[in-house]
Amino acid sequence: MDLLSNLIILLAGGALALPGIDFAFKRRVPGGRLPGYVAVAVLVASSLLVGFSATRTLEPAFASNLFRVDLLGVLFSLAVLLVSVFVAIASLDYVERDPNIGVYYSLLIFTALGMVILAFAVDLLVIFVAWELMSLPTYVLAGFSKRDPSSNEASIKYFLVGALGSGLILYAISLTYGLVGSTGLAETFSALTRIISEKELAPLAVLSLALFIGGFGFKMAIVPFHMWIPDAYQGAPTTVSTLLAAGTKKAGFVAAIRVLVIAMTALRADWTITLALLAVLTMTLGNIAALTQRSITRLLAYSSIAQAGFIVIGLAVAPTSSLGLVGALFHVLNHAIMKSAAFIAAAIVIFKTGREDLANFNGLGRRMPFTAFALTISMLALAGVPPLNGFWSKFVLFTAAIQGGLPWLAVAGILNSILSLGYYGWLIKRMYLDDFEGAVRIREPANLSAALGIGLVLIIVIGVYPTPVIELARNAVLST
Amino acid sequence: MAFLISVLIFIPILAAIPTFLIGRRKGVYANRFSLAVSVVILALSLYTYAGILRAGSGAEFNLVEGPIPWVTGLRGIDYYVGMDGLSAPLVILSAFLTVLVIIGSGRLIKEREGLYYAVVLFFEGSIIGFFTSLNLILFYVFFELVLIPMFFFIGIWGGPNRKYAAFKFLLFTFAGSTIILLGFFGLYAFISPPTFNITELVGRIPLWLQILASIAAFIGFGVKLPIVPLHTWLPDAHVEAPAPISVFLAGLLLKMGGYGFLRINLGLFPDASRQFAWVYILFGLLTMFYGAIVAVTQKDLKRMIALTSINHMGFVLLGGFTGNQIGISGAVFQMFNHGVAIGLLFMLSGFIHEQAGTREIPGLKGLRVTMPRTAILLIMGSMAAMGVPIFSNFISEFMVIVGAIAVDVRYAVAILIPIITVAYFLLVLRRSVLSPPVEGVKHHDMTPSTTTAMLLYLVPLFILLAFPSLILDVVNPASAVLVRTFAGV
């Protein structure tokens with residue numbers, strides 16, 4: 001059987017079985033942790049499945065006009081599955097005593113399944129179905145702390161904006177179908193090349209392009225579609241915020257790459273400059289807003305917006321520089337790791353102290369040494385300090401921007417990196433230089449720390465020796 | 001010995017981990033252990049240096065390792081290190097100052113010692129890596145690695161206003177280094193085949209690219225050196241940093257700027273540097289005059305010393321961009337001398353602050369009576385900084401000024417700098433050392449062992465006055481190469 005069918009069976013089976021397992025074993029296994037372990041096992045197994053297939057020749061999928069099993073999909077699904085593993089491990093501590101724990105993990109795996117299918121989909125309708133499969137569970141997950149009003153608010157806001165985004169995508173799909181008479185990406189590509197020269201139809205093609213950018217933009221967290229992000233990340237349980245920031249956001253990027261860069265190359269004159277402007281806007285606004293935040297989740301949310309801007313640089317220069325997509329892919333992967341680590345560190349602090357304001361991070365270097373160290377490293381990686389993984393992907397992105405003839409984009413990126421150190425450095429200053437009154441050593445929870453440790457090791461290892469990952473990203477781009 | 005340079009870089013970095021672990025048991029063990037490591041590194045670096053000196057091979061890169069491909073997906077990012085006449089003196093300076101800093105920290109640092117000595121060794125390895133990198137990305141990586149330890153040094157072990165100073169330092173230098181990186185990206189994107197290897201890049205960069213990249217490098221290295229409008233982080237950082245860290249800051253960190261100017265601006269962008277040499281020289285003169293004049297007005301002894309080093313680093317810029325051999329060699333020599341002399345002065349100011357409870361110059365009266373040994377050392381250190389010809393600082397300042405006059409006789413205004421320097425040092429000495437003591441004030445003077453540790457700083461300056469060829473025989477061949485590229489031959 002091909003990779004995708006295996007994955008679908010594994011993940012869907014796990015997701016459907018989990019509530020049952022929870023119900024059946026609730027009384028017998030103390031601590032109610034069993035569903036968590038099953039979920040981690042399922043996700044690790046699927047990550048391994050994807051990881052091993054990256055080194056083999058890939059078989060075509062069962063319905064090859066709907067799916068395309070290529071390295072791009074493998075890389076993306078690996079990234080999102082890794083994030084799901086992080087989230088699942090972190091959740092073992094974080095949602096321990098919740099009565100609906102089986103449903104929680106089930107929804108988590110459904111989200112992962114949606115993201116995996118999205119990574120391989122090459123048909124607009126399948127993309128839409130996968131998009132919804134990925135989004136719907138996260139609406140519930142965001143409101144999972146049902147007695148917490150801010151979680152409810154986050155969920156409602158996220159749901160409304162998400163529905164709007166899906167609506168835009170669906171509208172764009174119907175326009176495209178009307179124009180080209182097919183929902184396959186390959187047919188869209190060839191038909192659009194023809195249509196672009198016809199006067200009456202070209203504006204419609206541009207309109208559908210704009211709708212796609214808007215629809216995907218909601219998930220990708222690019223300005224001006226970003227306003228739901230800080231509220232949702234702050235209100236949702238922090239583990240779920242990790243999933244949103246590091247997981248589903250990346251799925252937005254894979255959809256954008258498949259649809260914009262590959263299928264709509266004919267319209268590139270229209271989207272290159274749009275995306276370049278959006279990138280600058282997104283980076284700058286995200287960074288400036290992050291400077292003023294007082295809560296760690298909001299700070300990370302804005303930083304996540306800013307990082308989305310960096311990734312969009314790669315998309316913008318993709319038609320003119322071969323490194324553009326490589327950089328975007330590489331940064332997507334790195335950002336998934338760095339942001340997961342940062343969010344999990346934040347989750348540890350919130351979990352143990354119940355506070356998320358930045359003043360609570362004062363003196364963290366002494367109160368929770370490992371968490372503080374890991375958070376520092378992930379912050380430095382996010383800021384692009386070498387030799388950590390974030391440096392290399394920004395490196396590839398900026399080189400691509402200069403090579404692709406948009407050097408001002410690289411300048412904007414560099415200036416934004418400096419700006420971002422303003423808040424990353426400030427948090428590091430709080431953790432190591434400031435004192436916390438009545439500081440006591442706090443025990444760090446084992447499972448959360450383990451997830452954090454994996455992220456930390458990945459950040460450093462990829463930072464010191466990035467070659468294999470860059471090669472993988474390059475091959476992934478070539479495979480499309 | 002193969003891999004000698006990698007040993008010099010990575011042994012201290014790796015030794016940081018055991019140092020930290022040892023320090024958790026007892027702080028003093030961390031001190032002893034890191035001292036042992038740094039002495040070994042000093043011995044190895046002297047051995048390396050002696051090899052270059054004996055072979056007279058300062059003109060080429062010695063003990064080259066690599067280029068070993070690091071990121072194979074992107075061409076020209078290699079692990080590539082080597083040592084020539086420009087870097088060799090700075091490597092022994094780094095090793096030497098690290099030993100003295102560890103000795104000097106024993107009394108002053110009493111908090112989180114394991115972490116402190118671990119960071120000291122990490123700093124040493126990174127800075128040696130910086131001076132020996134032959135690949136621009138490796139160079140940049142070490143450039144940034146040096147920044148993080150310094151942030152923690154100032155931020156954790158600094159004075160009352162340390163957080164402000166540490167953060168300001170971080171933002172300034174990070175901004176500077178990121179701008180340099182932008183310049184490197186430009187080189188990479190527009191040169192074919194793209195590469196970051198310094199040896200491969202020489203002579204292959206078109207003029208317009210040289211000009212753009214040298215603007216980026218000018219800002220980046222200018223923050224580190226520092227050049228005058230970009231210097232404002234330095235007095236704050238120095239005032240807050242503990243004395244041994246000021247030694248690192250002035251003795252080594254500023255040299256990164258100087259080395260960068262010589263290696264990158266002069267070596268890689270010679271045509272742009274030739275065209276705009278007057279800009280560099282004017283900024284050098286501005287920096288010298290500004291540092292000297294502002295130093296006159298200072299009341300805080302340490303702030304004054306910090307401003308002196310701004311003044312002295314201006315010599316490096318002036319000497320380097322004269323483009324003649326005596327000027328460039330003088331600039332390198334000046335970096336070495338200044339690093340050692342300023343180290344002594346900072347340690348003394350730290351000692352005086354600790355004993356007298358103040359660094360305000362008007363509050364320090366009659367040191368010749370209250371602390372005679374300290375007073376003598378202060379006089380000797382000041383003489384070194386003034387350029388009195390009993391220490392080698394005299395030779396290097398002389399060389400730079402001669403080199404400058406050879407280019408344009410108007411640059412002779414630089415002669416005024418040693419005069420102003422002498423004036424403010426004498427003013428300080430008269431007010432603190434020679435003034436009558438306040439009745440009833442009693443300070444502890446230095447113990448003989450501390451005095452010996454301080455005298456160690458003066459040893460190389462003394463030897464190099466008598467035998468300047470020990471440095472110049474290594475530096476001159478390297479600066480001759482720079483002179484040739486600068487002349488466009």
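What share of the contacts in chain A with a separation of 6 or more comes from residues 24 or more positions apart? The share is 80%, where two residues are in contact if their C-beta atoms, placed from the backbone, lie within 7 Å. This is a predicted model, in which local features need pLDDT of at least 70, side-chain atom pairs count only at pLDDT 80 or more, and totals for chains, interfaces and linings use all residues. Residues are numbered from 1 along each chain as its sequence is written, while chains are lettered from A and ligands numbered from 1 in the order in which they are written.

**Chain A overall**

- Chain A has 19 helices and 0 strands; helices (H or I, at least four residues) and strands (E, at least two) are DSSP runs, numbered from the N terminus.
- Along the principal axes, the C-alpha atoms of chain A fill a box of roughly 70 × 55 × 40 Å.
- Of the 480 residues in chain A, 62% are buried. A residue is buried if 20 or more other C-beta atoms, placed from the backbone, lie within 10 Å of its own, exposed if 12 or fewer, and partly exposed in between.

- Helix H6(A), residues 149-180, has 32 residues and reaches 46 Å from its first C-alpha to its last, close to the 46 Å expected at 1.5 Å a residue. The expected span is 1.5 Å times one less than the number of residues.
- Among the buried residues of H6(A) are A:Ser151, A:Tyr158, A:Gly162, A:Gly165 and A:Leu168.
- The cover over the buried residues of H6(A) includes helices H5 (124-142), H7 (185-195), H8 (202-220) and H9 (228-235) of chain A.
- In H7(A), the residues A:Leu185, A:Thr188 and A:Leu192 are buried. They lie on the same side of H7(A), because they cover an arc of only 45° around the axis, the arc being that of the directions from the helix axis to the C-beta atoms.
- H6, H8 and helix H10 (238-263) of chain A are what the buried residues of H7(A) pack against.

**Nonpolar core**

- The largest nonpolar core has 397 residues, and A:Leu75, A:Ile109 and A:Leu118 have the most contacts inside it. Such a core is a set of buried Ala, Val, Leu, Ile, Met, Phe, Trp, Tyr and Cys residues joined through C-beta atoms within 7 Å.
- Helix H13 (residues 322-353) of chain A gives the most to this core, with 21 residues.
- Not counting residues up to four places away in sequence, A:Leu75 touches A:Leu329, A:Leu333, A:Leu472, A:Ala473 and A:Ala476.

**Contact between the chains**

- In the interface, 25 residues of chain B are in contact with 23 residues of chain A.
- H6(B) supplies the largest share of the side of chain B that touches chain A, 15 residues.

- B:Phe130 is in helix H4 (residues 113-132) of chain B and counts as buried, with 27 C-beta neighbours inside 10 Å.
- B:Ile22 is in helix H1 (residues 4-25) of chain B and counts as buried, with 21 C-beta neighbours inside 10 Å.
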